[in-house]
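Let's take a walk through this one together.

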Amino acid sequence: METHQDQESIIPPANRWIRRVKKIRSNRAGLLGAFLIAGLILVALTADLLAPYSYKEQDLTIMNSPPSIDHLMGTDEFGRDVFSRILHGSRISVYVGVVSVGLSVLIGSLLGAIAGYYGGILDRGLSLITDLTWSLPEILVALLLVAVVGAGVECVIIAIALTYWAQYARLIRGQILMLKNEIYVEATRSLGATDYTILFKHLFPNAIAPVIVAATIGIGQAIVLEATLGFLGMGAQPPTPSWGAMMSNGTAYLFISPWVIIFPGIAMMITVFGFNLFGDVLVDIMDIREDTLK
Amino acid sequence: MWQFILRRLLLMIPIFFVLSVIIFSLIHIVPGNPIDNLIGPGMTKAHEQKLIEKYHLDKPLPVQYGIWLANLFQGDLGTSIIEKRPVAELLRHHLPYSLSLGLTAIALSFVLGVSMGIISAAAKDTFIDHAAMVVALFGVTIPAFWLGLILILIFAVWLNLLPVSGSGDLLSLILPAVTVGLGGAGLIARITRVSMLEVASRDFIVMLHAKGLGKKAILLKHTLRNALIPVITILGLRIGWVLGGTVTVEIVFARPGLGQLLITGLFRRDYPVIQGAMLLLAMGIVLGTFLADVLYAVADPRVRDQHQ
C-alpha cells in the first residue's frame, strides 16, 4: 500500500489522470456505472427527440392500457404514454440531483472547512449542528423544509441541499483536521500566507477527493429523495412529469395499471445503481481509504 | 461502565434542547396559518382573534417556545388544532404501530444483513459474493415506497397471500417490515463484509490459522465478534434512517403510525401535532443512538476504558 502511494506521488499529474481513466476502463462495474450515468444525461438532454409522444398529451380513449407495440410501457389514467413521461421525467431527476448536491457540497464544505481549520468553540458549535442534522432521518428534515419553503421543484432542491450538507461538512472537517498539521502548511504560513490562502488554495484541493466520491453517490440518493417527496405530493407539480409524482398518481390505479408504477421505479433504480457503482469505483481510483467515507 | 452510561445519558439533555429549538423554529417559519383551515364562512374577525389568542399565535416566537416547553415538562404537548384532541393522546394512539414496525424492521435488517455479510466475506470474489453484493446494493438503492408498492402487487394482489394494508394483526406487519428491513439489510451486509475482510487480514487471525484452528471457528467466533463492532456503530448512527423509512412505508400501507400522523399534520399545518410527532421521532433516534453506544461499549472493552 505504502509503496503504491509513493509511486503515485512521483507520477506527473497528467499521467496520473490517464492512469485513473485506465483504471475505470479495466473495472467492469465502474464502466457500467459510467455508461449508465452517461446514458441518463443523454436521455435527459434529448428527451424531446427520443420520446415517441408528448408528455402531457391526453388521449382518454386509451386510458390505462397495458404495454404494447404502440405504447412500450403502457399508458396512465389520462392515456398519456408512460415511456415518454419517463424520458421527460429524467430531466427533473438529473436537474434536482445535480443542483441540490452541488449546493449541499458548497454549504457543507464551507462550514466543514471553517470548523476544521479554526477549531475551538466555532468547531464545537458547528459540529453539534452538523451531527444533529446528520443523525435525523433525511426524509424528516426534507419534509419539514418543504413545508417551510413550499412544494415545487426549486423548493425541493433547497430542501435537499439543506438536508444533505451535513455529511459533506463532516467529511471535509475530518480531512482538514488531518491535513492542517502537515509540514507544507506550516511552510506556507511561515512564508506569510493568509488563512484564506492556506485554507482554500492549499488545504481544500487536498481535502476534496472523498467529497467528490460521496457527492457522486449522493446524486443518486438525492434523486430518490426527490422521488419520495414527489410521491408524498410535495415535489414537482402536474403536468410536469417527475418519476415520484408519476408513481404517486399511479398508486390509485395500482390494481388496474401497475405498469404506471413499475417502470418509473425501474428507471430510478437503474439511475441510482449507476451512481453507486461509479462512486464505488472512484474510491479505488482516487486511493481513498474506505473508512474516511463513513 | 456505569460512569460511561451516566455521561452518555447526561449528553442527551443538551441534544434534546437543541432538537426542540430546531423543530420548533422550523415549523414556525412555515408560511400559512392553521387557523385559516378552521375559519368557516360564518366566522367573524372576533372569532378568528379568539382562536389566535387561544393558541398563542399572536405572541413572539421565543414566548411561544417557552410556553410550549413549560407545558411539555408537565406532559402537556398541546391540543391538535384540527382534530381538537390532546397531542399526547394522538401520539399514544399512533406510537405502537410505528414502534412495532420499526423494531421488527431493525431486527430483520440486522439478522439478514449480518448473515449476508458473513456469507459474502467467507466466499470472497466468488459468484455468491458478487450476487449477494448486487442484492445488497439494490437493497440500499431501491426507494422504500416503491419496494412497498411492488411487494403489495406481488404478495397481496397477484399471489393473494398477505393483506394489502391494515394495522391489526401480525400478518399485516410482514410486508411493511420487509419493505423497511431490506434497505437496512443491504447497508449492514455491505459494512459487515468489508469489516469481516478487514479483521480477517489481521495478525491474530493469521495466527489462529497457523495454530490449526478450524475455519468455521475462526470465522464465527473470532472474526465475526471483532467485525461486528463497526456494524453496531453504523446501526446506531443510521437508526434514524430505518425510522425515516417507516414514515413513507406507513403511507404506502395505510398503517396508522407516527409517519401518517406527521404527514397529515404537515398538510393541515397542525403545529402541535407536527411538533409532537417530530419530537417523539427525534427522541427515538437519540435514544437509539444511545443504546447503540452502550452496546458498543459492552462489545468493545477498549471504548469503556477510554472513558474512565
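How are α7(A) and α11(A) oriented to each other? Keep in mind that this is a predicted model. Two packed helices are described by the angle between their axes and the distance between those axes. Here, helix α7 (residues 138–149) of chain A packs with α11(A) at an angle of about 55 degrees, and the axes are 11 Å apart. Angles from 65 to 115 degrees would count as roughly perpendicular and those under 35 as roughly parallel, so α7(A) and α11(A) are oblique to each other. Their crossing is right-handed.

Who does the touching? From α7(A) come A:Glu138, A:Ile139, A:Ala142 and A:Val146, and from α11(A) come A:Leu225, A:Thr228 and A:Leu229. Sorted by class, this contact has 5 nonpolar, 1 polar and 1 charged residues.

Now slide along to helix α12 of chain A, residues 243–250. This one is largely enclosed by the rest of the structure, because 7 of its 8 residues are buried. The buried ones are A:Trp243, A:Gly244, A:Ala245, A:Met246, A:Met247, A:Ser248 and A:Gly250. They pack against α5 (82–118), α11 (209–231) and α13 (259–285) of chain A, together with α7 of chain B.

That brings us to the other chain. The contact between the two takes 32 residues from chain A and 33 residues from chain B. On the side of chain B that touches chain A, several helices give two or more residues, among them α1 (2–29), α7 (144–158) and α13 (271–299) of chain B. The one that gives the most is α11(B), with 7 residues. By class, that side of chain B has 28 nonpolar and 5 polar residues, and no charged ones.

Conventions:
Residues are numbered from 1 along each chain as its sequence is written. Chains are lettered from A and ligands numbered from 1 in the order in which they are written. This is a predicted model: local features need pLDDT of at least 70, side-chain atom pairs count only at pLDDT 80 or more; totals for chains, interfaces and linings use all residues. Two residues are in contact if their C-beta atoms, placed from the backbone, lie within 7 Å. Helices (H or I, at least four residues) and strands (E, at least two) are DSSP runs, numbered from the N terminus. Ala, Val, Leu, Ile, Met, Phe, Trp, Tyr, Cys and Pro count as nonpolar, Asp, Glu, Lys and Arg as charged, and the others, Gly among them, as polar. A residue is buried if 20 or more other C-beta atoms lie within 10 Å of its own, exposed if 12 or fewer, and partly exposed in between; C-beta atoms are placed from the backbone. Axes are lines fitted to C-alpha atoms, for helices over the stretch in contact, and angles run from 0 to 180 degrees between N-to-C directions. Angles under 35 degrees count as roughly parallel, over 145 as roughly antiparallel, 65 to 115 as roughly perpendicular and the rest as oblique. A crossing is left-handed if the near helix is turned anticlockwise from the far one by less than a right angle, and right-handed if clockwise.
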